[in-house]
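Here is my notebook from a sitting with one model. I wanted to look up the ligand site and then the aromatic rings.

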Amino acid sequence: MPAMPSQVPFLDLHSQILPLRNDLDAAIRRVVDSCGFILGREVQDFEQEFAAYCGVDHAIGVDSGTSALLLILRALRIGPGDEVILPPNTFIATAESISLVGATPVFADVDLATQQLDPEKVEAALTARTRAVIAVHLFGRTAPLAALLALTRARGVHLLEDACQAHGARYQGRHVGGFGIAAAFSFYPGKNLGAFGDAGAILTRDAALAETLRQLRDHGQRAKYDHVLLGTNARLDSLQAAVLRVKLPHLDSWNAQRRRVASQYEALLRDSECLTPAPLAPFEDHVHHLYVVRHRRRSAVVHALRENGIGFGLHYPVPIHRTAAYAGLGLGPGSYPNAELLAGEILSLPMYPELTDTHIEQVCEVMTQAAFTSG
Ligand SMILES: *Cc1c(COP(=O)(O)O)cnc(C)c1O
């Protein structure tokens, strides 16, 4: 019997925090000493640094990626009677934000190879009620922005970016987040740039929209107790901003490490019978928030990974239109064939910048073995 190999976690946040521990502790101490816990200096500084990094004029720190999406839709006065187009294979928050403002989520199927929105399907889904299209940069791969921009401009609807999985990704050489009217980012701990709790940000080039978003996140206030809009509490707190300021300078090198992991997977999975991510066009980018492969006999592979102590995920096991939460839309099986096919075949392998060569080899060995034993 071969020795039981060590476990490979799906994600290991500890390995990222360890080398930054002193800087993180100092940043947290600075906030605690200042007792300025809400908005304030740290948040302003982070907003400026993140906006500068992405090359977009305005960043508005909020308390989650979900709030970011929600506030963008509210600021654009999208609501009842309006339709917003999105892919069915995204995290449910993309759809929830549309539903929570009272608008109707309208799905457009995705391209089977890239798993990103198919512009032709988006075009077919546009109606007189369409107000916006949400380009989700799923898994950290850029959505087909050129086609989506052309389409939305021609039809006079907004293009929004859900960049919650794509911090630092570039399209035609420019960072995502500045292509549409506004973009939503999440700093949930496991994202490519993650806080020590929930956090998010909105990017926009539109100064007036930025001002509205700043008011909306803080009870519609223009100044203290001068409530000019019906807002909410969706503020980014200073502790999270301080942590994010320590981490932001490392984002590019972490993304480079993710690309290293992805190319090693690509090479080592050649004999595994699984489909690795489709190659990128020269103007596209991938920051590999997740490394998602496809396998026709996924349950056998899942079994082998479990047996060998290898972490994995399914992103996402049920397309949004088939979830119980969205049963009310009445969209039966076959509504979005590509998204439905993908949901049954996708498998997310361990992916984080610190993933070691040994662990990658271990994962690929199990994947390759599974191909021979499950036939
Ligand atoms: C994480 C994520 C969100 C939501 O972000 P939260 O910070 O968890 O609210 C939205 N869309 C996508 C694609 C995500 O991955």
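**Ground rules.** I was working with a predicted model, where local features need pLDDT of at least 70, side-chain atom pairs count only at pLDDT 80 or more, and totals for chains, interfaces and linings use all residues. Residues are numbered from 1 along each chain as its sequence is written, and side-chain values use heavy atoms, with hydrogens and water left out.

**Ligand shell.** Which residues are around the ligand? I listed Ser-64, Gly-65, Thr-66, Thr-90, Phe-91, Ala-93, Thr-94, Asp-162, Cys-164, Gln-165, Ser-186 and Lys-191, taking a residue as near if one of its heavy atoms lies within 4 Å of the molecule. I sorted the shell into 3 nonpolar, 7 polar and 2 charged residues; here Ala, Val, Leu, Ile, Met, Phe, Trp, Tyr, Cys and Pro count as nonpolar, Asp, Glu, Lys and Arg as charged, and the others, Gly among them, as polar.

**Polar contacts.** I looked for pairs of N or O atoms within 3.5 Å. A polar side-chain atom of Ser-186 is 2.6 Å from a ligand oxygen. For Gly-65, a polar backbone atom lies 2.8 Å from an oxygen atom of the ligand. Lys-191 has a side-chain N or O atom 3.0 Å from a ligand oxygen. On its own the ligand has 380 Å² of accessible area, and the protein covers 93% of that (Shrake-Rupley method, 1.4 Å probe). I noted α4 (65–75) and α5 (93–100) as the elements giving two or more residues to the shell (helices are DSSP runs of H or I, at least four residues; strands are runs of E, at least two).

**Aromatic pairs.** My search of the whole structure gave 9 aromatic pairs (ring centres within 6.5 Å; planes over 60 degrees apart count as edge-to-face, under 30 as stacked, the rest as tilted). Phe-50 and Phe-185 are edge-to-face, 5.0 Å centre to centre with 90 degrees between the planes. Phe-50 is in helix α3 (residues 40–54) and Phe-185 in strand β8 (residues 182–186), so this pair ties together parts 135 residues apart in sequence. Buried or exposed, I asked of Phe-50 and Phe-185? Both are buried (under 20% relative accessible area; exposed is over 50%, partly exposed in between; 1.4 Å probe, protein chains only). I also found Phe-50 and Phe-185 in one aromatic cluster with Phe-46 and Phe-187.

Definitions and conventions
Polar contact = N/O pair within 3.5 Å; in protein donor to acceptor, adjacent residues only side chain to side chain. Phe/Tyr/Trp six-rings, centres within 6.5 Å; stacked < 30°, edge-to-face > 60°.
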